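Trainee: I've got a new model open and I'd like to learn how to read it. Can we walk through it together?

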Amino acid sequence: MDLTTNYLGLKLKNPVVPSASPLSQNVDSVKALEDAGASAVVVYSLFEEQINHESGEIDHYLSYGSESYAEATSYFPEPDEFKLGPVEYLDHIAKLKKSVNIPIIGSLNGVSAGGWVNYAKNIEQAGADALELNIYYIAANGNLPSSEIENMYVETIKAVKSKVKIPVAVKLSPFFTSMTNMAKKLDGAGADGLVLFNRFYQPDFDLNKLEVVPNLVLSTNWELRLPLRWIAILYGNIKASMAATSGVHSHLDVIKVMMAGGDVAMVCSELLKHGISRVSDMVSGLQIWMEENEYESITQMKGSMSQRRVAEPAAFERANYMKALQSYKLFI
Amino acid sequence: MERPKITIDGNEAAAYVAYHNSEVIAIYPITPSSGMGELSDAWAASGMKNIWGTIPSVSELQSEGGAVGAVHGALQSGSLTTTFTASQGLLLMIPNMFKIAGELTPTVFHVSARSIAASALSIFGDHSDVMATRQTGFALLAASSIQEIMDMAAIAHRATLDSRVPFIHFFDGFRSSHEVSKIEQLTPEDLKAMIDYDKIIELRKSALTPDNPFIRGTAQNPDVYFQGRETVNKFYDACPGKVQQSMDKLAEITGRQYHLFDYFGAPDAKRIIIMMGSGAEAALETVEYLTERMEEKIGLIKVRLFRPFSMESLINAIPESVEKIAVLDRTKEPGALGEPLYLDVVTAITEKFLEGGSKFKTLPRIVGGRYGLSSKEFTPAMVKAIYDNLKLDAPKNHFTVGINDDVTFTSLNYDPAFQIEDDSVFRGMFFGLGADGTVGANKNSIKIIGEETENYAQGYFVYDSKKSGSTTISHLRFGKKPIHSTYLIQSAKFIGCHQFNLLEKFDVLEKITKGGTFLLNSPYSKDEVWDKLPKKVQQQIIEKDLKFYVIDGYTVAHDTGMGARVNTIMQTCFFAISGILPKEEAIEQIKKAIKKTYGSKGEEIVKQNFRAVDQTLENLHQIKIPVSATSAIEIPPIVSPNAPEYVREVLGKLMEGKGDDVPVSGMPIDGTFPSGTTQWEKRNIALEVPVWDESICIQCGKCALVCPHASIRIKAYDKKYLENAPATFKYMKAKGKEFSEDMVYTIQVAVEDCTGCGLCFEVCPVKNKQEVRLKALNMAPQLPLRETERANFDFFLNLPEYDRKEVNVTTVKGSQFLQPLFEFSGACTGCGETPYVKLVSQLFGDRMIVANATGCSSIYGGNLPTTPWTINRDGRGPAWSNSLFEDNAEFGLGMRLSIDKQNDFAKELLAVLAPKVGESLADAVLKAEQKTETGIHDQRERVAELKKKLEQIKTEESKQLLAVADYLVKKSVWIMGGDGWAYDIGYGGLDHVIASGKNVNILVLDTEVYSNTGGQMSKSTGMGAVAKFAAAGKPMGKKDLGMMAMNYGNVYVAKIAMGANDVQTIKAILEAEAYEGPSLIIAYSHCIAHGINMQKGLDSQKLAVESAYWPLYRYNPENVKEGKNPLKLDSKPASIKLEDYIYKETRYKMLTKSHPENAKKLLALAQEEVLAKWKYYEQLAALDYSKDTKDNEEKVN
């Protein structure tokens, strides 16, 4: 049976890929992911803020209060070298490359085109097999028309592509008015893959403290439906590879992603909740299901339930919504 | 051979040589020598090797006494060993120095010579400390410039091995230790060439080793001790020759030839000065000027080797023509016939003369004088005055110079207008704030000019005595010839003022030369700025025909993300205007320097600075000077005219920066100063201050509790007092059943004293329901509020104080009605220590006496010009003193013993006098209960009545009782200090004091580092924290001082953290004071040395407690009597991981960036330790202390 898949031009032994998460923060857990059967790993993200601010922050706190008072012209020893976030990250990528055989996908997370994208080159030089660009942008600025935001995405991908030779995927938010058009634009800009979708952590309110608080909620299975729909719609319309992320919790979800037309299914919450061994459960589950259902290869099922290939293409569009409503009415 | 030219300070020059010549280095922080230890530790942490290819072992000890003990041990065991110290630290080494010298052990101690605390401490430079070691047997070798420091250090390290005599190599604290200068660096090869390795083998051979056993350090009896002491004579006789050989060797290597005594000046001089240290450089400059330009027959002897004193060498160095000699000492020996160098010179010349064969036909007239104590300026004008004195037939002897002694008239007059600064030397002064990076930028400029051009460069920096809002003045000189001007700039060609408001605080342009250049950082545009200048500044610009440039550096800094740091911007302006380098080259060099300074901290900070450089020039403008001064802005007086006379006339001068003008008569004879003087020093340093929103305030009092500067005050009072309130004065109805209907409540901010730290805003628990970002206190710009709030605060101060008898002091709310008797200190913005100190002053200030260990608290508590310790309306308040760093617990115990004795004596006298004063009054006084405010109040009334009666009784006893009657009212003794004192240097004393059982209260302001000297590791430092002396992270855990004290069983012990539990803090302080025995309170004090946002300091405290790193507890021995466990844990088990606390702070986090693997290892160990310790505490707190069971009783019986 052939579980291989092709993602970003990388031939992967199966479609189960752990997405960027704390699990990639140490070499041992990445090794464990490899041992459990992960076909590639997306490393945790290097954030634009880390690149832009960490250096300023360390300088600020090391020099704060210095040269003010005769007895204490400084408060800290100053080492010759600091391994700041970006450097640490690059070292980590290099270390992972030495320790595992599966492809290592670096991840850059930012909100705008800027100096930070130069780090794409550094990540490539550190040995990453591919790069995932996580453009985490909340369109809160009322003066910024959507066309400019879209353009910013396109320019960022172009800037990165011009700097590196390794394949580049873009992790997108679902909040585009015209997702298909946007996907095509990114495809045209050179993106080698689209990762659908970024789950923005939505802030919560703490009513005791009257504060806005960050709130990390792990994904649930139903969240898969959004990427599933869009992968099914986009399949065949773009050249870029597609990865589904959000809501992949079992081998059945992996199968759905493949059938929608995805190349890999990215998994995170399930592993954080139930451990790395869930990767091997998924891979073996996939294998058993394929055996039981007489599928020979992933290629065979890939896109088989995409919009183009289902009996009712409208099911992915408004009709699907109507259907859901109708079935809902049955229960009331 | 071309050697590197480097620009470094004196400490680095000495440490560089010491490090390369040592295998073991024992260190302890003390200003101004700490830098030498810090560099050594940092070099060792980075793997730098000595000249024999091994990394020296660098260890911090618990005191200088400890350091010298380790030095002695390491030397006896055969290692090349050194240490660095100054002042009191050197004094603590003296006992061991006798041993080291007595055993003829080669070593070099590098000393940045500093004043010794007498009637006052001073961190600045003179020779009092080294002169106190004259009798130890150490050789004393002086350096007078930064180049000389490097050279003399190398000479000392060779000479000690050659002679077996241990050496002190000394140079002047601050003037030399902190002066940055361009010098030629000795290479490691040079240093190696200086040393004869056979001598090291000799050291090894004489080492203690079980493979060749012997004993050393015996006890001897009258029969042989004397003879034993005389055995060393030949080594001391030979030592000067060995030193000269070392000097010759250095000359062979470098071409720089030194002698034991070097003569400069006219070969046929008639008048000479003999002196040592940095002042000799100023004297040399003056001699050159006066001999060249005025053909004066004068000269100067620079003393290099003071001990062993070589009579022959001195006399050989003095020209035969000399008739009069002035010998200058930078020290004072009250009661002596003269100071040490003077006495030695007199003895040498006279002895030789009397022996016959002297080169002098007649005995030269020799006078002695004192100069430069505590880094007092020593200028060419003073040097000239000394030569002029020698012109007199009867020159003044035992004179002073540089001060106005209007009491015993020792001082020489001098003409300050006599200035000899060479016109070819560029001289610039830069006024800035500590926070704006001015000094750092100037240090970079010196490096650029020193290392990238042919110029010699010199930089010296004058700092404020306050730790918040402090100002700095940088003095920079550049020129083609070596710079000998070891004094502040007297006339500047360039003045940069990096903060506009400093124009109102200093006479910034006082020292600018005619036609000089003035660069001002101005928030106003080039068109507006002229009209915004004070009139005096306008006049100076016009009269001195200045070239005037402005830049809005604030905007450039803001736009380029530099925040408050205008350093790079102002540096760029300086280079652009001064023309020291071509503009393009200057920019390139600035960028190179930026890369060097910031490169290790990542690319972005470098780019940010580059952006600032690039945007600067387009914003720099030269201003066309109008013909006349038109401004109506007058410079406000520094001190309020309402201040007491002494504050206006004396302390005010210090505030103005004119303390040098205070005559001897202006100073107290015994170091006594009035309390309550910070109130007259309105510093107006806060950009933003809290504004009270009375509409939502819940009157919890937390804001006032946490305010480090006592700038937030609370009163509850009858509304009738509001009659004449200013229109903007705020109040609300007082909440709570303890208040009557007529009572109102006010929170008032002293905006001119506030430092704008924002702790009050952070701690305020109330949020505005309509707009949750707002609280009951919100920060707002200070300037628009200044006038109205000044009036409001004055009105507030005149409202009646809330009756102490009525206050529920156990609550935060109640405690904050009490007047703080510690206010407006110079502590850092957001200081974590002062809220505790202030709280204690509120609770017990009217009857407390404070023994304060040297450190931050003694500096913000007692550094002139003003003191925050103040008095209440009854004239009572804390009595405060600082003895030393190491003896504070004992100092406090002495106070207790004294108070108790006087109390006992008073009681004894009262018992005798009872029939005369009335039995009932006497009985009431003697049996008074003084556990409450009411009890104290009533006793005070009784004592007042008693004193009235005593005045009528004219007996010996009544006179005696009158003098001690106040001791019948309970006094509260507080022993305060930081962790450097309590855990390290003072621990032995602290241990003894708590074991004494006496009723003292010890408050440890635990910042977990030596904060005052710049953040060196103490035994309180947490595992994995980076501190100076622990550059690779502290490998051991924090010492559990509380647990050690609890082991005595009779000590009240509490661990508190106001930010985590304010009620527990108050409870602990009250219980500690109430406990009739020793109490120890360990208070978590967040600190600037933690590398945190100080506004969030209380959050740090909370996290420390939540992680169980800082468990809150109270251990009250009283509970045992009731069969209860004395230990009560006041905090909960860890609810967060240790890393969630420590990695919020740079002190820990930076290790993950500098030594990531070590950080990981130490974090794991530290986490384990925290959990284990908590478990241990929990078990202790659960122990059964109920009265013995029958079984136990049987066992006991």
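Trainee: Which domains is chain B divided into?

Mentor: First, this is a predicted model, where local features need pLDDT of at least 70, side-chain atom pairs count only at pLDDT 80 or more, and totals for chains, interfaces and linings use all residues. Residues are numbered from 1 along each chain as its sequence is written, with chains lettered from A and ligands numbered from 1 in the order in which they are written. Chain B has domain 1 (5–254), domain 2 (261–401), domain 3 (426–458 + 472–617), domain 4 (819–898 + 971–1197) and domain 5 (899–968); such bounds come from an automatic or database domain assignment.

Trainee: How many residues of domain 2 of chain B are in contact with domain 3 of chain B?

Mentor: Two residues are in contact if their C-beta atoms, placed from the backbone, lie within 7 Å. Here 9 residues of domain 2 of chain B meet 6 residues of domain 3 of chain B. The C-alpha centres of these two domains of chain B are 40 Å apart.

Trainee: And how many residues of chain A are in contact with chain B?

Mentor: Chain A puts 29 residues in contact with 41 of chain B.

Trainee: What describes two packed helices?

Mentor: The angle between their axes and the distance between the axes. Axes are lines fitted to C-alpha atoms, for helices over the stretch in contact, with angles from 0 to 180 degrees between N-to-C directions. Helices are DSSP runs (H or I, at least four residues), numbered from the N terminus. Take α32 (residues 933–952) and α33 (residues 956–964) of chain B: their axes come within 9 Å and cross at roughly 150 degrees. So α32(B) is roughly antiparallel (over 145 degrees) to α33(B). Lys947(B), Leu950(B) and Glu951(B) of α32(B) make the contact with Ser958(B), Leu961(B) and Leu962(B) of α33(B).

Conventions
Helices (H or I, at least four residues) and strands (E, at least two) are DSSP runs, numbered from the N terminus. Angles under 35 degrees count as roughly parallel, over 145 as roughly antiparallel, 65 to 115 as roughly perpendicular and the rest as oblique.
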